[in-house]
Amino acid sequence: MALSFAVGAYFSPIMCKATNVNNHSYAQDLLYIRRAAEISDKSAGFTSPHPNFGCVIATRSGEVTGEGYLYAQGTKPAEVLAVEAAGERSRGATAYLNMEPGDCHGDHTAVSALVQAGITRAVVGIRHPLQHLRGNAIRALRSQGLQVDVLGEDLQSKIVEEARKACLLVNLPLIYRASSRVPFSVLKYAMTLDGKIAASSGHATWISSKLSRNRVFELRGRSDAIIVGGNTVRKDDPRLTARHGGGHMPIRIVMSQTLDLPKEANLWDLSEVFTIVVTQRGARRSFQRFLASKGVEVLEFDILNPKDVMEYFHDRGYLSILWECGGTLAASAISSGVIHKVFAFVAPKIIGGKNAPSPVGELGMVEMSQALDLIDVCFEQIGPDMLISGFLQPIPDLTPTIPSEDETFAIDPTVSPFESSIIFFYKTWDPYGAFSNFSPHPIQMPDEDGNYATWSSVEHYYQANKFVGVSNPVAQDCIEKIKLAKSPEEAARMGRLTQRRYPNLVRSDWERVKIDVMYRALKCKFSIYPHLNLMLLSTAGSVLVEASPHDLFWGGGREGEGLNYLGRLLMQLRSEFLGESSAASGSTCLAL
């Protein structure tokens, strides 16, 4: 049986061939680890980038009985889906995981699912890259009596390293984020055979073939955001959409120091996706007001440079950025050290022109010995074009050189990994990620008639309540679609888009009641999940801050200017739980 799979658009397809193995062997282990890496990437382009988890359950005889992958932030863990598919055939089986479980900090559902299903062995491709999650699930599984083998540690050989690399590649954005504290950044450009990205006149439509442009749409769908410079906006007037007919649409980012941008541009049309403009502080205040009137978010930096911008979007939770800029900005990004990989589409055309632009501007190099060499270079023919890709920086080493905070705490309990009096939380995989309204914890809440309904997350319930009580069939339809949304991310996208496009469908008292709606949903969540309740109570004495740098209502904002209502509600709940003796009778939720 031959299996062909592409573990992400960041590297080339791999072919692996299974052998008939009745007993445990490297061949079987590595086949299924690669399969776990393959399926972990299946939601790419449909949801915003997130840690990729895949799980394959196989019996001792080598029969696959269940598979699962994490669809999006806040959805069922891969391990839960795999054991549900395998059913009773999970007992005595082996679970193959491309990465150590840890899609939501503070949630132990994945580990519990494997243990309760009767899994006796787990093979793990890589440890979790994030320090606050690294090693936790492996220790938990071993403490429950499972044999846990980690590639590169318990299993070692050249072919093991090749399988381990497949696991690394499928989670490159998370690995680079953990090691460098900036999003994984890919520079993409198309050029002629003589190295030009446009004619001397500036005309550039089209250099590459339609097949190559389709590959670019795929790369966009895998990114949190796409970055261009002011020149690209002025000359090309791009839309920068993924054009895949649904699913995740990356944010568009324009970097412009002077804001010398046209008033009419496709990027100011926010009907499908948002646009953010980053600029130097004080640049063209009147044009900033114009952009704000269009709904475009404007961010000012004291000194505009790629490094600071990437650090900001790291704090915003972005994992992957696609740079589709011109040569000047590309050179600045490379010089700043924020570009990790390059995708160059080379078309078999010659345009010539002394003044025709090239893909990368001045880098200050005067000798060929100074040239930057790509690592792990791949060549792929796409129609008439050649795609050349490679890394500008090596894949970070996940092997710790010093004990992590968790490992130190295990040795010396007096050393706490969270000593700060301020606790920040944001994405589910961040520290205290279970506090997020996107966390994968279903709740049951009463409807207008007093009947209880199950909601997949707090965010599902919150977004749907924007349209409750509105006597319009479109509003009722929207509520049902939000309820059935496959992830909190999709529920939020539906609710926000409908609110923006059809403000008349939003209940008239929404601004007055939305805090109470969120509070009731949070109270339900932290009442019916004991481990979440204990986690919240453990923060007593600390200030809780939702660390979103762009949500100035629910979050704390970029520089603490946000209202932080989500953090406030959690602290209010914590105070109630600490002070109450039997407040469970006042809860408006049912245990699931």
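## Helices 16 and 17

Helix 16 and helix 17 lie roughly perpendicular to each other; this label covers angles of 65 to 115 degrees, whereas angles under 35 degrees count as roughly parallel, those over 145 as roughly antiparallel and the rest as oblique. Helix 16 spans residues 510-528, and its packing angle with helix 17 is about 105°, with the axes 5 Å apart. Axes are lines fitted to C-alpha atoms, for helices over the stretch in contact, and angles run from 0 to 180 degrees between N-to-C directions.

On the helix 16 side, Lys-525, Phe-526 and Ile-528 make the contact (heavy atoms within 4.5 Å), and their counterparts in helix 17 are Pro-530, Leu-532, Asn-533 and Leu-536. The contact of helix 16 with helix 17 comprises five nonpolar residues, one polar and one charged. Here Ala, Val, Leu, Ile, Met, Phe, Trp, Tyr, Cys and Pro count as nonpolar, Asp, Glu, Lys and Arg as charged, and the others, Gly among them, as polar.

## Basis of the model

The structure is a predicted model, in which local features need pLDDT of at least 70 and side-chain atom pairs count only at pLDDT 80 or more, while totals for chains, interfaces and linings use all residues. Residues are numbered from 1 along each chain as its sequence is written, and side-chain values use heavy atoms, with hydrogens and water left out.

## Chain overview

The chain contains 18 helices and 20 strands; helices (H or I, at least four residues) and strands (E, at least two) are DSSP runs numbered from the N terminus. Of its 592 residues, 55% are buried, meaning under 20% relative accessible area, with exposed over 50% and partly exposed in between (1.4 Å probe, protein chains only). Among contacts between residues at least 6 apart in sequence, 70% join residues at least 24 apart.

The structure holds zero disulfides, a disulfide being a pair of cysteine sulfur atoms within 2.5 Å. Cys-167 is buried at a relative accessible area of 0%; Cys-478 also counts as buried, at 8%.

## Helices 17 and 18

Helix 17 (residues 530-537) packs against helix 18 (residues 565-579) at an angle of about 100°, and their axes are 9 Å apart. Helix 17 and helix 18 are therefore roughly perpendicular to each other. In this contact, Asn-533, Leu-536 and Leu-537 of helix 17 meet Leu-570, Leu-573, Arg-574, Phe-577 and Leu-578 of helix 18. By class, the residues involved are six nonpolar, one polar and one charged.

Nine strands form an open sheet of mixed pairing in the order 12-11-10-9-13-8-14-16-15; two strands pair if DSSP finds at least two bridges between them. Strand 12 (297-301) and strand 15 (375-382) are the edge strands, each pairing on one side only.

Strand 11 (residues 275-280) pairs with strand 12 in the parallel sense over five bridges. Val-277 has Val-298 in strand 12 as its bridge partner.

## Five-stranded sheet

A further open sheet, also with mixed pairing, has five strands in the order 4-3-5-6-7. Its edges are strand 4 (64-69) and strand 7 (147-150), each of which pairs on one side only. Neighbouring strands are turned by 15° against each other on average, direction ignored. Helix 2 (residues 78-86) packs on this sheet, touching strand 3, strand 4 and strand 5, at about 150° to the direction of strand 4.

Strand 3 (residues 54-58) and strand 5 (residues 94-99) run antiparallel and are joined by four bridges. The bridge partner of Ala-58 in strand 5 is Thr-94.
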